[in-house]
Amino acid sequence: MSRILVLGAGELGLPILHSLAHGASTSPPSSRPTITLLIRPSTLSSPSPSKSQELSTLRDLDVSFLAADIATSTATQLAYHFQSFNTIISCTGFAGGPGTQLKLLHAVLEAGVAHYYPWQFGVDYDITGPDAADGLFREQCEVRQLLRGQEKVKWTIVSTGMFTSFLFEPFFGVVEGLENVGAGGEVIVRALGSWENEVTVTTPEDIGKVVSRLVLEDQRTGVVFTAGDTVTYGRLADLVEVKFGKDKVRREVWSLDDLRAELENDPENQIKKYRCLFAEGKGVSWDKASAVNEELNIKTTDVQGFLSSKG
């Protein structure tokens, strides 16, 4: 019987848990995988109202809970918890701070977990390299190097591109003003680098569906790619104009030189690092037709579909 542990129940962890639970529910009871969420003891004992509702929903889906704190635990302490599972999926994001992904990997290796899905849900770090975005992804590249240098643990990396919603977050600056368009305001669409630059995006819900299929059925190893859509910034602007009207949309270009200058003046700003990375355009997009979701016939939400739910 497969014993699956998910680390984290945030923007990506929750959809993965839901997809795993629904997928597991179709298995015969005698061979049904068990699904467990690793969660901080404080969150489990004193959850906020919203978190309490999330945990209640997960319980209804037969998800169990394991109380442990990744931040305060050593790799050996985590390995003690991990050794009871044969599949671990890390959905911790970057919130744990530097060193967290390497600590988790060392714990997985020490525990002898059969199959590991590390937190690599993003761009193609093999292409961007360790020095991109001022070294923001150096640890991600180290994780890949260590995984490839061992044969004890099987691993699958799921490269997803940007979360689709991130394109429309005002703080990122690519699409701004959606919240005001209903009151007569304008929407600004900005190209990072140029209008011809491409970006691949996938929603967390679609990533959840892909990961669930990979874990429960496909079980392939190595690096795979998802793509809800791959669009140029010009195409993105076109879609926003179709949705809200050309007269309500203003286009701007943030050149790579200007973005680099902004980063030089604010070198610790991670959002400005991300903007430079996507403006450089290396390792941030791939052909949707070759994505694993297309191969597995998993329906995903494209940018037009995502926009249909806005405003």
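Reply: Helix H3 is followed by Asp62, whose phi is positive, near 70 degrees. Helices here are DSSP runs of H or I with at least four residues, strands are E runs of at least two, and both are numbered from the N terminus. The model is predicted, so local features need pLDDT of at least 70 and side-chain atom pairs count only at pLDDT 80 or more, while totals for chains, interfaces and linings use all residues. Residues are numbered from 1 along each chain as its sequence is written, and side-chain values use heavy atoms, with hydrogens and water left out.

H3 itself covers residues 49-60, twelve in number, and its first and last C-alpha atoms are 17 Å apart, close to the 16 Å expected at 1.5 Å a residue. The expected span is 1.5 Å times one less than the number of residues.

H1 (residues 13-24) has twelve residues, which should span 16 Å, and its end C-alpha atoms are 16 Å apart, in agreement. Nine of these twelve residues are buried, so H1 is largely enclosed by the rest of the structure. Buried means under 20% relative accessible area, exposed means over 50%, and partly exposed lies in between (1.4 Å probe, protein chains only). The buried residues of H1 are Gly13, Leu14, Pro15, Ile16, Leu17, Ser19, Leu20, Ala21 and Ala24.

Next come two helix pairs. Helices H4 (residues 75-82) and H5 (residues 100-111) have axes that come within 8 Å and cross at roughly 50 degrees. That angle makes H4 oblique to H5. Under 35 degrees counts as roughly parallel, over 145 as roughly antiparallel, 65 to 115 as roughly perpendicular, and the rest as oblique. On the H4 side the contact is made by Ala75, Thr76, Leu78, Ala79 and Phe82, and on the H5 side by Lys103, Leu104, His106, Ala107, Val108, Glu110 and Ala111. Contact means heavy atoms within 4.5 Å.

In the other pair, the axes of H11 (residues 256-265) and H12 (residues 270-280) come within 9 Å and cross at roughly 155 degrees. H11 is therefore roughly antiparallel to H12. H11 contributes Leu256, Leu259, Arg260, Glu262 and Leu263 to the contact, and H12 contributes Lys272, Lys273, Arg275, Cys276, Ala279 and Glu280.

Most residues other than glycine have a negative phi. Asp134, a residue other than glycine, has a positive phi near 60 degrees. This residue sits in helix H7 (residues 132-135) and is exposed at 52% relative accessibility. Asn297 likewise is not glycine and has a positive phi near 60 degrees. Asn297 lies in the loop between helix H13 (292-295) and helix H14 (303-307), and its relative accessible area of 68% makes it exposed.

Last, Gln145 belongs to helix H8 (residues 138-148). Gln145 is exposed, with a relative accessible area of 61%. Its C-alpha atom is 9.8 Å from that of Asp126, 19 residues apart along the chain.

Definitions and conventions:
Axes are lines fitted to C-alpha atoms, for helices over the stretch in contact, and angles run from 0 to 180 degrees between N-to-C directions.
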